[in-house]
Amino acid sequence: MNTHKTALVIGFEPFNGDTVNPSQKIVDALHGEKIANHAIVGAVLPTAFVAAFAALMELLETHRPNLVLALGQAGGRAGISLERVAINLIDARVPDNAGDQPVDIAVIDDAPNAYFSTLPIKAMLRQLQMRGIPAAISNTAGTFVCNQIFFALAHLGATQYPKMRSGFVHVPYLTEQAKLHSDSAFMELQTMIEAARICLHVAITTKHDLHFAAGATH
């Protein structure tokens, strides 16, 4: 009998003209690992509003994870972004991979306006900083598919999977992407993989988050 619990790690396909997505590579690297007595199941979602939501529902029903860490690409950011809040809004600046571009609609009708992450993001931040990995708390996960999945996870956790904790982490461009995006900020893949491992371990093993100032002034 398998005594391991399951932690689901989600990434996304490339989008908006890119041929690679660092979140997908991180998920591929972590799939099958064991962290803090949890079997890590990696899954890659389509970067498309309708298909991503349907795939997420199937993953949760199949694996019944007690923790979900979703990862996404945030080109232009220089470090690991631990997302604090998901909002009930889709406002797509660019079309998704299915060609859809919804504007000013709810992620889920009649759901709350926002949810906070249920992962210990400040404890995660502290460990990343102690390992020398650039990281910060972020107060915006955008209004594209990443935020949609972050919000959907939170709402499903609140309404259908009460034992499931979830959150979202954005990662920078890979080195090869930065060269194609006006020499934007980037991070090495192995650093991002290690950051995701740290976040998973802290999230699994930490019951109560730390309390210290990590907010933003603008």
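**Reading pockets and strands in a predicted model**

Author: In the largest pocket, the lining residues divide into eight nonpolar, seven polar and four charged. The model is predicted.

Reader: How many residues of the lining of the second largest pocket are charged, and how many are nonpolar?

Author: The second largest pocket holds about 150 Å³ of space. Its lining consists of Lys5, Arg64, Pro65, Asn66, Gln160, Tyr161, Pro162, Lys163 and Met164. Three of these lining residues are charged, four are nonpolar and two are polar.

Reader: Next, the strands. Is strand E3 mostly covered or mostly open?

Author: For burial, count the residues with under 20% relative accessible area. In E3, which spans residues 38-45, six of the eight residues are buried, so the strand is mostly covered.

Reader: In which sense does E3 pair with E1, and in which sense with E2?

Author: E1, residues 5-12, pairs with E3 in the parallel sense over eight bridges. Within that pairing, Ile10 has Ala43 of E3 as its bridge partner. E2, residues 34-35, pairs with E3 in the antiparallel sense over two bridges. There Lys34 stands opposite Ala39 of E3.

Reader: How many residues lie between E2 and E3 in the hairpin, and which residue in the turn has a positive phi?

Author: Two residues lie between E2 and E3 in this hairpin. Ala36, in the turn, has the positive phi, at about 50°.

Reader: Which strands pair with E11, and over how many bridges?

Author: Take the partners one at a time. E4, residues 67-73, pairs with E11 in the parallel sense over seven bridges. Leu67 has Arg165 as its bridge partner in E11. E5, residues 80-83, also pairs with E11, in the antiparallel sense and over two bridges. In that pairing, the bridge partner of Ser81 is His170 of E11.

Reader: Which residue ties the pocket reading to the strand reading?

How values were computed: Residues numbered from 1 in each chain as written. Predicted model: local features only at pLDDT ≥ 70, side-chain atom pairs only at ≥ 80, totals over all residues. Heavy atoms only, no water. Nonpolar A, V, L, I, M, F, W, Y, C, P; charged D, E, K, R; others polar. 1 Å grid on protein atoms, 1.4 Å probe; cavity = no way out; pocket = protein on both sides within 12 Å on 5 of 7 lines; lining within 4 Å. Points joined across faces, edges and corners; volume = space filled by probe spheres on them. Buried < 20%, exposed > 50% of the residue type's maximum accessible area, 1.4 Å probe, protein only. Helix = DSSP H or I, 4+ residues; strand = E, 2+ residues; numbered from the N terminus. Pairing = 2+ DSSP bridges.
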